[in-house]
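The sequence and the model are shown next.

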Amino acid sequence: MLAADERRLHTGLYGRAARGELLRVRHGVYAGAEWWTGLKPHERYHPRVAAAGLVFTDAIFMRESAAVLHELPIFGEPRDIHIFDPDRRSTKRYSDVVVHAAQGARNVAAIGSVFVTDLLATVVDTARHLPPAYALAVADAALRRGMPREQLRAWSSDDANRRNERLLRWVWDFADARAESAGESVSRAVISWLGFAVPVLQQVFTYEGITDRSDFWWTKVRAIGESDGYGKYVALTARAAVEGVVEEKVREDRLRRYSDGFARWDWSDAHRVVPIERKLLRAGVPLVAARDNAMLATLRR
């Protein structure tokens, strides 16, 4: 809500803020304190960008700020709000707002009442400034939305901004629309850099009259890999949450009965590298290439 609106409505905005009922998100923009503190760090970035849109009404958002509005993956809570100014010659920072100078033309789209760089420019701009595993997650999401791989390659190679162009070529080549979450995308990158055989994504199985899909499937060794994002366990009630956990356990047991190896890992396992490596080796997944320590080191960024 805007402070000016609150004053006009005589609802005592500043009194509510003083009592701790409201928190200031931006100058003149407030949110309910209980609601805000209940958000996880990565959930706060979208309302921060929305608040900036209320203050900077003619702004064109770019990079992560456009990505979150395009509903592309973001990671953690980005520090800055990114604004594109096609008339600016140099980039300027104002507290947590970075106004970027033009580095080639960007098409502009509207999402509601907010202006953003279009999806293609947003994917490339965001990917340029992320570690490659995260850039892969953004590219996978773009392919799931129907964006042609060649369009990403062409736009990137023609762009005046050349930052991380070599790494982006790897991202465009390795991107896969079948990856259904950022966790699967990051896991796929780590699996490749560790030197494991390339898995099949979203393999379908029909056993006991039930159809299941696995995140990863290694056909030759009949091994299944599952990247746990925990979103599948979110429910509105405790009972529904328990039912979700039980259902997933039954599904896992069913898949284990018809495979020769099974590995499950989470976001932390993939980033720490060693846990996912050990789990895949125990599941019988073969190493077929040399470990790429340089790319694995990018996870620490």
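Strands, as the word is used here, are DSSP runs of E with at least two residues, numbered from the N terminus. On that basis, S10 and S11 form a hairpin with four residues between them, and Arg-222 in the turn has a positive phi of about 50°. The model is a predicted one. A hairpin is also formed by S9 and S10, with two residues between them, and in that turn Glu-208 has a positive phi of about 55°.

| Strands | Bridges | A pair of opposite residues |
|---|---|---|
| S9 (residues 200–207) and S10 (residues 210–218) | seven bridges | Phe-205 and Asp-212 |

The largest nonpolar core has 49 residues, among which Trp-172 and Leu-280 touch the most other members. The elements that give two or more residues to this core include S10, strand S12 (261–266), helix H9 (165–174), helix H10 (182–194) and helix H13 (274–282). Helix H7 gives the most to this core, with ten residues.

Which residues does Leu-280 touch, not counting residues up to four places away in sequence? Leu-280 touches Ile-191, Phe-196, Trp-218, Ala-263, Trp-265 and Val-285 when those sequence neighbours are set aside.

Technical notes
Residues numbered from 1 in each chain as written. Predicted model: local features only at pLDDT ≥ 70, side-chain atom pairs only at ≥ 80, totals over all residues. Heavy atoms only, no water. Pairing = 2+ DSSP bridges. Core = buried A, V, L, I, M, F, W, Y, C linked by side-chain atoms within 4.5 Å. Buried < 20%, exposed > 50% of the residue type's maximum accessible area, 1.4 Å probe, protein only. Contact = heavy atoms within 4.5 Å.
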